[in-house]
Amino acid sequence: MASTLVSALSMILCALALILYSSPAEAQADLALDCCLMVSNKAIPKHVLLTYRRQFRVGGCPRDAVVFITRKGLNLCAPPAEDAQWVKETIKFLDTRLKKCKEIKFHEKRCHALKNLPF
């Protein structure tokens, strides 16, 4: 009886280990990267932007870029800040606005959309 219980428990543990070991690889195979394939050199009006993120080649994407996120949730691809002065200025503007919003605890209307974003 005890050996049957040990055998069954061993089989369950082996199956569980196999499931846990194979799941991350399968999840990564299904993971689609959201990368900028092209960038626009045209300046984006600051009032439509909410925040930004940086994209790097080392992260699996084909090029370095800055991805601006609009208030409507669109992702707009721009060249890296080192390559375009308007991108550098826009990043500085967005960083300053975020800092001010944090100081006032997101109470102003222009800060409400920033409140729930992960920083």
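Trainee: Is phenylalanine 68 buried or exposed?
Mentor: First, this is a predicted model, where local features need pLDDT of at least 70, side-chain atom pairs count only at pLDDT 80 or more, and totals for chains, interfaces and linings use all residues. Residues are numbered from 1 along each chain as its sequence is written, and side-chain values use heavy atoms, leaving out hydrogens and water. Buried means under 20% relative accessible area, exposed over 50%, and partly exposed in between (1.4 Å probe, protein chains only). Phenylalanine 68 has 0% relative accessibility, so it counts as buried.

Trainee: How are the planes of tyrosine 52 and phenylalanine 68 arranged?
Mentor: Rings of Phe, Tyr and Trp (its six-membered ring) pair if their centres lie within 6.5 Å; planes under 30 degrees apart are stacked, over 60 edge-to-face, and the rest tilted. A search of the whole structure turns up two aromatic pairs. In the pair of tyrosine 52 and phenylalanine 68, the centres are 6.4 Å apart and the planes sit at 55 degrees, so the pair is tilted.

Trainee: Which residues do ring pairs link into a cluster?
Mentor: Leaving aside neighbours within four places in sequence, tryptophan 86 has contacts (heavy atoms within 4.5 Å) that include Phe68. Ring pairs link up a cluster of Tyr52, Phe68 and Trp86.
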